[in-house]
Amino acid sequence: MQLACCCGSAACSLCCSCCPKIRQSTGTRVMYALFFLLVTVVCVIMMSPTVEMEMRDRIPFYSELCQKLNAGENCKRLVGYSAVYKVCFGAACFFCMFSVFTFGVRTSRGWRAAIHNGFWFLKFLGLLGCCAGGFFLPNQETFLEVWRYVGAVGGFLFLLIQLMLLVEFAHRWNQNWTSGIKYNKLWYAALALVTLVLFSVAVGALVFMALFYTHPEACILNKVFLGLNASLCLLVSLLAISPCIQRLQPTSGLLQSGVISVYVMYLTFSALSSKPIETVEKDGGNATVCVFPFNSGSESDNKIVTGVGTVILFGCVRSDCQCLSPLSSDDYEDEDRKGGGQYVMYDEREGTVYSYSFFHFVFFLGSLYVMMTVTNWFHYDNAKIERLLDGSWSVFWIKMASCWVCLLLYLWTLVAPMVCPKRFEA
């Protein structure tokens, strides 16, 4: 059955029959997410001088191997920001082609849907071919100059889609849990507990940033934006439970506001961590202030910063690689697989449960976001993965603007029924 999955249209599953049931649509999205994760890991490795040094020290005949591969001295052509651009160009082309290829697919019984849901080994070879092909593009300098602007636009669009999905997720979560209260009062307790935890995390993050990212004699911009973002979070929280909003949206509550507040605090923290450092005169010298508390310059602290940056990167990508639409089709037991492996439920018998084309389009934008993130956006010349949290005004403003866009999107979902009542009467 695994051979049919790799080289045919059969759905993928794990070999172990004790694994929990999985729907075909879920398995397909997980496989594409693994492809995307592989590209991300390769880009992180390419941007790490530490990994390059380890490879040079541990791989026998490393220099000779690089010469045979025509990769330049110490494989310089296979590492650095230009290599990341080429790999992400290949990944973006791969997902863009599938986005176009699956456009308009409404049923899983067609040949285009079969290719989307199967032939994983062949698609893996296609992804490798696309990524490798980026290294053979003509006019490399012109390509890199143009592609970075394409990546900036695509990366920002990825952030916008991520914010819209987050707002939609927050509303759906509150609606589902609120509807369960009339059947079991424990849902009310769970709703209150999660809301309390979310606001506790948001307040804790605010206090943390106030302690470590402000200074009595410097960091005025940090103080302004911390106060502004905290005030906006409080404003939308009060608005969500106001009588005028509750009258039109009874399911609106503090759970959504808690989710949005935590995310805004995360973006604020990420923005302040990406801001160029500031110094003040202290004890006859210049002292760095308002920086990430663990970034003291030692080797161990640099590893901590690298780990945090990588987790943040994967977290951003992962939030969009989840389900882009809810699974709503019924499970059909008569077509379930029972071939000794994991139990697969074919949930797309009557139609697709998510947009194949949009799913690949998000991965296309995600490839550009990864490219821009690991190369420090427009400061790629001295970019290293170990310096992912180092200062950059472009990254700071992009992330700070994302905070305000997120709040505006959530605010619009609250006031839209008041502004356009006829549209929301149904």
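The following paragraphs describe the overall make-up of a predicted model and then turn to some of its segments and residues. Local features need pLDDT of at least 70, side-chain atom pairs count only at pLDDT 80 or more, and totals for chains, interfaces and linings use all residues. Residues are numbered from 1 along each chain as its sequence is written, and side-chain values use heavy atoms, with hydrogens and water left out.

The protein chain contains 15 helices and four strands; these are DSSP runs numbered from the N terminus, helices being H or I of at least four residues and strands E of at least two. Of its 426 residues, 45% count as buried, that is, under 20% relative accessible area with a 1.4 Å probe, protein chains only. The accessible surface comes to about 21,700 Å², and carbon and sulfur atoms supply 67% of that area, as computed by the Shrake-Rupley method with a 1.4 Å probe. Among contacts (heavy atoms within 4.5 Å) with a separation of 6 or more, 77% join residues 24 or more positions apart.

An unreviewed UniProt entry lists several stretches as "transmembrane region", including residues 187-212 and 224-242; such annotations may be inferred rather than shown by experiment, and their positions follow the numbering used here. Residues 187-212 are 100% helix and 0% strand, with 37 Å between the end C-alpha atoms. Residues 224-242 are 89% helix and 0% strand, and their end C-alpha atoms lie 27 Å apart.

S179 belongs to helix α8, which covers residues 140-179. S179 counts as partly exposed because its relative accessibility is 36%, between the 20% limit for buried and the 50% limit above which a residue is exposed. The C-alpha atoms of S179 and T251 are separated by 8.6 Å, although these residues are 72 residues apart along the chain.
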